[in-house]
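User: I would like a close look at a single part of this protein, with its surroundings described in plain terms.

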Amino acid sequence: MSTVCASCLNILVFVTLQQRDPMLKRDGFEDILEERRNSSDLKYALRCYAPVLYKGVTPCKANMLKNIVLQSDQLRYVINQVSQESGEAPDIIQEEASVILEEMAHRLQISTVRFFAFALSKAFKTLFQHVCVNEEGIQRLQQAIQEHPVVLLPSHRSYMDFLLMSYILYTYDLALPVIAAGMDFMGMKFVGEMLRMSGAFFIRRSFGGDKLYWAVFSEYVKTMLRNGFAPIEFFLEGTRSRTCKSLTPKLGLLNIVIEPFFKGEVFDVNLVPISISYERILEESLYARELLGVPKPKESTSGLLKARRILSEDYGSIHVYFGQPVSVRSLAQGKVNRSTYNLFPRHIPRKPMEETQSFVNDTAYRIVRLQEDNMVLKPWVLMASLLLQNLEGMELSVLTEQTVWLRGLALSYAAFLDWPDHAPTAKVVSSSLALHRGLACVSGGRVSLVVGEPLGPVTPEEALFNRAVSVLSCASYRNQVLHVFLRPAMLAVAMHTAASSKKNEVYNCFSFLWDMFSNDFILCPGDTVQDFEEACYLLVKTGAVQMPQQDIVMTDIGQPTLSFFNGLLEPFLQGYQMLLPTLRSEHSVLCVFTGNLRCYEVLSSDMQKNALAALLRMDAVRKVKV
C-alpha cells in the first residue's frame with residue numbers, strides 16, 4: 001500500500017466515478033410496449049423485416065453454414081487427431097462430427113420469428129407495465145453490426161432474457177442473434193425446435209474431455225463470427241443468477257469469440273454489455289426454493305403450460321440498457337502480443353498463452369462490471385435492503401423516511417435509480433409494497449416480511465424453511481444494489497474490525513475481506529488497492545469518514561451510513577462464520593441451525609458454495625478424499 005501513489009489513485013477513482021455518473025453518461029429510455037398497446041400485434045409480426053448486416057453479408061443458409069464448418073481446416077485436423085488416438089477411420093469420426101453439428105446448429109426461420117413476435121407481444125403486455133429500452137444504445141449497436149462482428153453479452157436473471165433480447169432486436173429491425181442455449185431446452189417438445197428456428201443453438205453444460213465436441217462447437221461459433229452471418233449472443237455468467245447478484249464470469253465462449261482477432265482472421269470484435277433489470281422477477285419464489293435445495297423443475301412443455309398462471313400477475317417494468325460496444329482491438333493494445341500467433345498454422349488448436357488467458361479473464365470481469373453499472377434500480381431494492389436489517393418489522397413512516405435517506409446515498413454513489421418523477425414519497429413506497437405484496441405486508445402501520453401460511457401443523461425444520469424462503473426472496477432484491485455499496489461497505493466493516501484507525505491497518509482488513517468475498521461479488525483481479533481508494537473517496541464524499549494524515553475516522557454524522565453498511569454485509573459475514581460448524585457436523589445445515597438461526601442466508605446453497613470456495617482458497621479448510 002505504501003508503494004502506491006495515493007493522490008494518483010484518488011484522481012483515477014474520481015475520473016472513474018465521473019464516467020459512471022448517470023447525469024453525464026447514461027441514456028434515456030423509450031417504452032416499446034406503448035406502441036404495441038395502440039396498434040395491431042398481427043401487423044407488427046408480419047411487417048417488413050430487413051435488417052442491415054455486417055458489410056452487406058448475405059444471410060447464410062443452415063446447410064451452407066454446416067458445410068463450411070465440416071470442411072474447415074481446424075475441424076479436419078482434430079478429426080485426424082481423434083482418428084489416430086481412437087483407431088477409428090476418419091470417415092467415421094467425420095460422421096460423428098456431422099451428428100454433433102446437426103444436434104447443435106440453429107435453423108433460423110422468419111415464420112417462427114414472426115410467431116414469437118406476435119405471441120410475446122401479447123404476453124409482455126399482460127405481464128409488464130413497461131419494457132423500456134435505451135434507443136441511443138440501439139443506434140450504437142446498429143452501427144457496430146455494420147462495422148465488425150458483434151457479440152451480445154446480456155446479464156442473466158430470468159428465462160425471459162433471451163426471448164426479450166430477440167424481441168427487442170426484431171422491434172428495431174436489427175439482425176437477430178444466434179443464441180447459445182443449454183441442452184435442457186432442446187428436450188422440450190415443440191418448444192425446443194421453435195427456439196432452434198428462432199436462433200438458438202444447443203450446447204452441453206459441460207464437455208469433459210470430448211475433444212471432437214469442443215472442436216465442432218468452437219468452429220461453429222468462430223465460423224459465424226468470422227463471416228458476420230449474425231451477432232452471437234451468450235450469457236457471460238453461464239447460467240441464471242438465482243440470487244440476482246452477478247456471477248463469476250465463465251471464460252470458455254469468450255475465449256472462442258476473441259480468438260479470431262488474436263489470429264488476425266478479423267480486424268476487430270465488438271463486445272456489447274447489456275443490462276436487463278426486472279422490477280419484479282418472474283422466478284423469485286422458485287429461486288429461493290432452489291437455493292434451499294429444492295430440485296430445479298425440469299424444462300418441459302407441460303411445465304411451460306402450467307406456468308400460464310403467472311399471466312394474471314403484475315411484474316412491473318423491465319429496463320434493457322445496451323451499453324457502449326467494447327472494442328477487443330482497443331482493449332488488447334499493449335496487453336497481448338499477437339505476433340506469436342503467426343508462429344503456428346492457424347488451424348492447429350493451441351492452449352491459450354498465459355497473457356492471453358489473463359487478458360480474457362480481465363475482459364470478462366470488466367464486461368460484468370459494465371453490466372452492473374447500467375442496472376436500473378427501483379425503489380423496492382432500497383426498501384428490501386432496509387427490511388432485511390429489521391426482520392422484526394419497521395414502522396411504515398420509518399421505512400419511508402429511511403428509504404428517502406438511502407435514495408440520496410445511492411444517487412451520490414452514481415446508482416442508476418429509477419424513481420418516479422414528481423410522485424410523493426409515500427405513494428412511491430406504497431406502490432412498491434403493492435407490487436411486492438407477496439414479500440411484504442403492512443399491518444397496524446408496520447411493514448414486515450410475508451411468511452407463507454402452512455396448511456397444517458409444521459415441524460421446526462418446515463417453519464425455518466418457510467421463513468428462509470421469505471428472506472431469500474427479499475434478499476434477491478437487496479442483492480441488486482450491492483454493487484453500488486459493496487466497496488464502501490467493506491471499508492465500513494474493515495474500520496469496525498481493524499486494530500486501529502491507521503490507514504494501513506484498515507487496508508489490511510479491507511484486503512482480507514476483498515479476498516474472502518471474491519467468489520461472492522464481482523471484484524476485478526488486481527484491483528484491491530483501487531477498490532480501497534474508491535471506497536475511501538465515496539465515504540469521504542458523503543461525509544461519513546474523514547482522513548486526517550494517515551488515519552480513517554468516522555465523522556460526527558457518519559454513524560448512520562457506516563451502521564447501514566455494516567448491516568448490509570452482516571449476513572455474508574455471519575454466513576461464512578456459521579458454515580464452519582456444519583463442516584464438523586453429520587447433520588444437514590437445516591438441522592444444525594433449527595431453533596437458533598437469525599442469519600437465514602447461510603441456508604442458501606450459493607452462499608455455502610462461495611464460502612467453502614473462499615475457505616479452501618485461504619487454507620482455512622482442506623478437501624480430503626475419503
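Which residues is K263 in contact with, leaving aside its neighbours within four places in sequence?

Analyst: This is a predicted model. Leaving aside neighbours within four places in sequence, K263 is in contact with Q74, Y341, R346 and I348. With R346 there is also a polar contact: the side chain of K263 reaches the backbone oxygen of R346 at 2.8 Å. K263 itself is found in a loop, the one between α14 (252–262) and β7 (270–278). Its relative accessibility is 9%, and K263 therefore counts as buried, the cut-off being under 20%.

Other parts of the chain can be set beside this residue. S432, placed in helix α21 (residues 425–435), has a relative accessibility of 6% and so counts as buried. Beyond its neighbours within four places in sequence, S432 is in contact with P379, W380 and M383.

Another lysine, K503, is one of the buried residues of α24, and the others are V506, Y507, F510, L513, W514 and M516. In an α-helix there are 3.6 residues a turn, so residues three or four places apart point the same way. Helix α24 runs over residues 503–516, and at 1.5 Å a residue its 14 residues should span 20 Å; the end C-alpha atoms are 20 Å apart, which agrees.

L46 lies in helix α4 (residues 41–46). Together with L42 and F118, L46 forms a nonpolar patch on the surface, with about 280 Å² of accessible area together.

Definitions and conventions:
Residues are numbered from 1 along each chain as its sequence is written. This is a predicted model: local features need pLDDT of at least 70, side-chain atom pairs count only at pLDDT 80 or more; totals for chains, interfaces and linings use all residues. Side-chain values use heavy atoms; hydrogens and water are left out. Helices (H or I, at least four residues) and strands (E, at least two) are DSSP runs, numbered from the N terminus. The expected span of a helix is 1.5 Å times one less than its number of residues. Buried means under 20% relative accessible area, exposed over 50%, partly exposed in between (1.4 Å probe, protein chains only). A polar contact is a pair of N or O atoms within 3.5 Å; within protein, one must be able to donate a hydrogen and the other to accept it, and residues adjacent in sequence count only if both atoms are side-chain atoms. Contact means heavy atoms within 4.5 Å. Patches are made of residues with over 30% relative accessible area and no salt bridge: like charges are joined within 9 Å, nonpolar side chains (Val, Leu, Ile, Met, Phe, Trp, Tyr) within 5 Å. Accessible areas come from the Shrake-Rupley method with a 1.4 Å probe; for residues, only the protein chains shown count as cover. A salt bridge is a side-chain nitrogen of Lys or Arg within 4 Å of a carboxyl oxygen of Asp or Glu.
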